[in-house]
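Hello,

I am passing on the structure we spoke about.

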Amino acid sequence: MRNQRSYIICTTMRSGSTMLASGLRETGIAGRPDEYFAPPVRLPQAQVFDMQPERYRELLEEQRRAHPAEQVLREIVEAGTTDNGVFGVKIHFQRPFSDFHNAVEVLQAYFGDKLASPHELFNRAFPRLSYIWLRRADRVAQAVSLFKAIKTSEFVRVAGSTDPVLPVTAEDFDFAMIRRLADWLQSGDDGWRAFFKRHRIEPMIVDYEDLAANYEPTLRSALDYLDLSAQRPEIARTRHRRQADEISEQWAARYREMHG
């Protein structure tokens, strides 16, 4: 079935997007949102942050020659669409090297059109498109969370997981890296804000802090926004667990003190 209703979760890393996407996916009626447009250059996260743009483009072009846009988009729509024709996808604006820009380039290739705006391309590809803008108000906590995830290699924690996690201590604190990540995350939010303003889009806004504190009501509101609430799906408790701990709080406090 071709998708009949579409939405994009517009976000940045460490904003609760996996929790939101998983919750919507588990309803069985709200598509299967995931990071389908994450650039296909697969390297350890720490390496991707420091990769030279020229090398990244070389690797990206190799992947695109092996996987034409027609194939990529067909597989994305199939993977992200539930039986009722609802399609969902999650797009980070600033993930190295940007899900957003990778999505635009894939759609430019698919439609053979490099002049259309990103919003127009998204609308062509995804019928009845809506946008959910997921943000995190505490930028320092977000940057610390990302820094800690990179250090520990733990980007998601779910109930019952026994995956090994690299230990960290207070001595692993790195002010310069956290500042770099905070600026980088801010650039992602700024990118989405400019996108919505340029195209006069009024997205549904979800704050990470509200999602974490009011999980079920937030998911219900998203279903209302997508005109899917009439089916009243069951919403199970999230299996995602908070990863912030005493070390996270110490690092955030230390960063704020040093930043002034």
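Which residue forms a salt bridge with R55? The partner is E58, and the closest N and O atoms are 3.0 Å apart. Bear in mind that this is a predicted model.

Both residues belong to helix α3, which spans residues 53–66. They sit three residues apart, about one turn of the helix. R55 is partly exposed at 40% relative accessible area. E58 is partly exposed too, at 44%.

Now the whole chain. It has eleven helices and four strands. Of its 260 residues, 50% count as buried. The exposed surface comes to about 13400 Å², with 48% supplied by carbon and sulfur atoms. Take the contacts with a separation of 6 or more: 77% of them are between residues 24 or more positions apart.

The structure holds 13 salt bridges. Here are two more of them.

D138 and R256 meet through their side chains, at 2.6 Å from N to O. This pair links distant parts of the chain, 118 residues apart. D138 is in the loop between β3 and α7, while R256 is in helix α11. D138 is partly exposed, at 28% relative accessibility. R256 is also partly exposed, at 39%.

R139 forms a salt bridge with D189, with the closest N and O atoms 2.7 Å apart. R139 lies in helix α7 and D189 in helix α8, so the pair ties together parts 50 residues apart in sequence. R139 counts as buried at 15% relative accessibility. D189 is buried at 3%.

Finally, a network: R57, E61, R64 and E105 are joined by salt bridges that share partners.

Best regards

How values were computed
Residues numbered from 1 in each chain as written. Predicted model: local features only at pLDDT ≥ 70, side-chain atom pairs only at ≥ 80, totals over all residues. Heavy atoms only, no water. Helix = DSSP H or I, 4+ residues; strand = E, 2+ residues; numbered from the N terminus. Buried < 20%, exposed > 50% of the residue type's maximum accessible area, 1.4 Å probe, protein only. Contact = heavy atoms within 4.5 Å. Areas by Shrake-Rupley, 256 points an atom, 1.4 Å probe, with all protein chains shown as cover. Salt bridge = Lys/Arg side-chain N within 4 Å of Asp/Glu carboxyl O.
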